[in-house]
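Here's a quick briefing on how one chain folds and how it meets its neighbour. Have the viewer open as you read.

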Amino acid sequence: MVKILLALTLLAGAVQAQSVTGNAFGTYVNVAGIVARSPVATLPTTGGMATGQADTFGVPGSVDAQRLNAVTTGAVDNKKTGAQSTSEAEDVSTAGGAITADIVTAVVTSYFGQFTGGSDATGSGFTNLTVNGVSVTEDVAPNTRVDLPGVGYAILNEQIPTGNGVTSWGMTVNMIHVVLQNVLGLTTGEIIIGSASSSVTR
Amino acid sequence: MNKARHLSLALGAIAAILVAVACQDAASPPGHITAGGSPPPKEGGGCANFRLTGGGRVDQRDHLGYAKNTPESHDFATFGFQARPTSSCPPTDGSGNIEWNEHNPDEFGGGFAFHGRVTFFTTTTDETAGDSRCGRFGGLGRLNTRNNGTLENVPFEVNHACDVAEPGVGNDHIKITIGDVYTRHGILSGGNIQQHRLTGNN
């Protein structure tokens, strides 16, 4: 029975169209009517490579970053399929200076071979991160929430898995995700810095 | 799943025990890179019957582990590439692109972003020669340094990019040489390198 199920699974995989996705962007803001995302790299579904670079990105009071870079690569192959994306920004300051970092790095990869698949964000991290004026000297655990008084809150190293874990695998990592709130606690905007995502489907 | 946790209390504790840590970054020997060079010689390698894609991060040098460096360190590089042979071999012409971002301020130009265009693709000729999991490619590229401006037509060679296993972290490894003075060689601390069959255009 197990062999039959395995054979059916592999057969179904062979019939389905394989695909990859990859996306990366340096910074996204949706603040006070300003909506912007830059730089952006989007992988064709058949694979290949896409890049985006920007010397600087700034929205006064919301975000300032230098030397932004987004790269995504991948390939579709019956033998082995994968996609990997990276996003980086340097000299980052956001939420009125409540969060700063020398370097913000997002790395994700998704892959499958003949029998295994997976996705992870290993390699993502911050260099010289400060939150509310305090240095963070250890790696930030996935999905760490920090309160930003007078601003809202942020999720650091936000990791969002996608796919069913059987025929599809994927992940999005947002290294800094600021949610802006008013005095009533209602969301008024958001800022994302260092975002990378990838997925594969058998 | 996406379990969020608060850092506020932890940040206070971290602030109380902050210790200054001297960062000793290994770097390539000092030197100069001359713009307008010729592509590195492609001789020596054999015809390759595969293509390569990859992306991720390298921290440690010369296979001395694969851990991500501590959060105050700038000593790491990120990359993304696709490369393949372009025609029936010989000749060993190739095509593709690579992005390589070096963050170590002690490296050439105080760190740099490099965009290379692949002109040849072969099997490897260094210590990985004979390893069917590894490929070699190179060409010319543009080097944007932090301190020394932009250099065009700088030769580069990925001496080897090896798809050892899935996932790539802790398994796959890469060695790149840019000009005569920069090299980084290490096991991936994030991302993946994949070897694919020669099908399709991507």
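Two strands count as paired here if DSSP finds at least two bridges between them. Keep in mind that this is a predicted model. With that in hand, chain B shows a closed barrel of eight strands with antiparallel pairing, running β2-β3-β4-β5-β6-β7-β8-β9.

**The barrel**
- On average, neighbouring strands of this sheet are turned by 30° against each other, ignoring direction.
- Strands of a sheet pair through backbone hydrogen bonds, in either a parallel or an antiparallel way.

**Around β4(B)**
- Eight of the nine residues of β4(B) are buried, so the rest of the structure largely encloses this strand.
- β4(B) pairs with β3(B) in the antiparallel sense over nine bridges, and with β5(B) (residues 112–122), also antiparallel, over six bridges.
- Asn101(B) in β4(B) is a handy landmark: it stands opposite Thr78(B), and its bridge partner in β5(B) is Ala113(B).

**β7(B) and β8(B)**
- β7(B) (residues 150–162) and β8(B) (residues 173–178) pair in the antiparallel sense over six bridges.
- Look for Cys162(B), whose bridge partner in β8(B) is His173(B).

**Where chain B meets chain A**
- The contact takes 53 residues from chain A and 44 residues from chain B.
- On the chain B side, β1 (5–6), α1 (8–16), β2 (51–58), β3 (77–85), β4 (94–102) and β9 (182–196) each supply at least two residues.
- β9(B) gives the largest share of that side, six residues.
- By class, the side of chain B that touches chain A has 25 polar, 11 nonpolar and eight charged residues.

Conventions: Residues are numbered from 1 along each chain as its sequence is written. Chains are lettered from A and ligands numbered from 1 in the order in which they are written. This is a predicted model: local features need pLDDT of at least 70, side-chain atom pairs count only at pLDDT 80 or more; totals for chains, interfaces and linings use all residues. Two residues are in contact if their C-beta atoms, placed from the backbone, lie within 7 Å. Helices (H or I, at least four residues) and strands (E, at least two) are DSSP runs, numbered from the N terminus. Ala, Val, Leu, Ile, Met, Phe, Trp, Tyr, Cys and Pro count as nonpolar, Asp, Glu, Lys and Arg as charged, and the others, Gly among them, as polar. Axes are lines fitted to C-alpha atoms, for helices over the stretch in contact, and angles run from 0 to 180 degrees between N-to-C directions. A residue is buried if 20 or more other C-beta atoms lie within 10 Å of its own, exposed if 12 or fewer, and partly exposed in between; C-beta atoms are placed from the backbone.
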